[in-house]
Amino acid sequence: MATIQEILDKNRAIDDIIKDLKETDIEIPEWDTLEKEYNPLLHPVMDTALYQDIVDDGVTTKVSRVVQDMQRLAVKRMTELAVGIPVKRNYYPKDEQQKEVAKYFEAIFARNRIDSVNIERCNQLYASCLTLTLWYAKEEQNSVYGFDSPLKLRCRNYSPMLGHHIYILKDEYSDVIAISVGYEVKQGTKKVEHFHTYTSDTHTVFVKNEGGWERTDEPITIGKIPAVFTYRPAPIWENTSQIVYEIEWAMSRQGNYIRANSKPAFGIFSDEDIDYGSEKDYMDRLVLQLPKGSDARFITWEQSNEAVKMYVEFLRSSFFTQLQLPEFSFETMKTTPMSGEARKMIFIDAQLKVKEEAGRLLEMFDREVNVVRAFLHVMLPSDYAEAIDALEIECEITPFTINDERERIENIVTACGGKPIASQQQGIALLGWSDDVDKTLEEIRQQDMTDLSEPSF
């Protein structure tokens, strides 16, 4: 296999270089295919060629088209379970300098709103099966991270669902040697093709203009590819799209039946011919003269909704059960009263699902820490180098769950023999109503002393 230096040789034709850079061992479904499942407006029930409106004597009657946005819901729900509680970075500094470095790490992640970045890229991962985050520096003197720095760090997410084509090139040892991103940029009325390649020492930009490809090389000084990625072989909804389609067909057909039959008809039961159809719309009252023994009444459609309702509910439940995702919609929680402990139990399956997914996410987060670590070597003075390398950092994912604080506190108090487990000062701080806990506590004590000094009658 050719080395990355051989692939990027400037003496080679650019078309050949890009062709080699697009070689990848990562196999994921094409977004064009996944989007037809992810976007409810592209579901079969919305296909007018497959499911046509009714045309009778030149009059078109629209059929019912009911869609369920359940694939997108599965993506959001998995993201909420995995990073709804923000990913925590645990630092283990051994001296004061490492404590400083830990603060700088956290400041960089905070300034880049890493919690929002995590939500965005998890949505991308679970929908399009691939997400990539590029870290880059802008030359700008600042002190936003707690130290004077000539650089500002930024990060940007790339994903197939945003129109990006991502290629991961590995060597024979499965080590990543190049990451490439291709996309189109609109310039006026034209779309210009861009292809960016990142290696440990070079950022190569290929731009395709009318005259052909143009190439630009920029050095990467951190000695590491400034990007992290993760992928999965299938979207989070796996093979459940047919269940969603069946729900949509059932509800759409039911909508057609209701529309066609819900309008009440007026029936006359008589053995003799009855004159009808000559009534005037403006008449305030309709008077019928019927033979003796006849009957006239409105006839409404009597249908059994329970069969359809049970069928749809079964399919919906099957969807969430197969994906190990909890169904905690407002309607479900409203109709199923449970204690806090019972609510925690329904999250067990979902927490196991998060543990299963956590491996690839933690691997990406750990690589990201090392990328930021490499940037800090450039941003901080050289005497911080040892502390930057020596600082231990561990990323932690906490699966989302529902906690009943009252039950938890009661259990702890019981275990402590009914004795208090927190001071009044801690209670005021936890409540969060006071801006100055010490001042509030002093005011409470003064109020207690005033109450004691006042005479009682």
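1. Let's start with N118, which sits in helix α6, residues 114-128. Helices here are DSSP runs of H or I with at least four residues, strands are E runs of at least two, and both are numbered from the N terminus. Bear in mind that this is a predicted model: local features need pLDDT of at least 70, side-chain atom pairs count only at pLDDT 80 or more, and totals for chains, interfaces and linings use all residues. Residues are numbered from 1 along each chain as its sequence is written, and side-chain values use heavy atoms, with hydrogens and water left out.

2. N118 counts as buried because its relative accessibility is 2%; the cut-offs are under 20% for buried, over 50% for exposed and partly exposed in between, with a 1.4 Å probe and protein chains only. Beyond its neighbours within four places in sequence, N118 touches V83, V87 and F365, where contact means heavy atoms within 4.5 Å.

3. F365 also turns up where α6 meets α11. On the α6 side the residues are I114, N118, R121, C122, L125 and Y126, and they meet E357, R360, L361, M364, F365 and E368 in α11. By class, that contact has 7 nonpolar, 1 polar and 4 charged residues. Ala, Val, Leu, Ile, Met, Phe, Trp, Tyr, Cys and Pro go down as nonpolar, Asp, Glu, Lys and Arg as charged, and the others, Gly among them, as polar.

4. As for geometry, the axes of α6 and α11 (residues 348-379) come within 13 Å and cross at roughly 135°. Axes are lines fitted to C-alpha atoms, for helices over the stretch in contact, with angles from 0 to 180 degrees between N-to-C directions. The two helices are therefore oblique to each other: under 35 degrees is roughly parallel, over 145 roughly antiparallel, 65 to 115 roughly perpendicular, and the rest oblique.

5. Now the sheet: an open one of 5 strands, ordered β6-β7-β8-β9-β10 with antiparallel pairing. Strands pair if DSSP finds at least two bridges between them. The edges are β6 (165-170) and β10 (212-219), each pairing on one side only. Strand-to-strand twist averages 20°.

6. V205 stands opposite T216 in β10.
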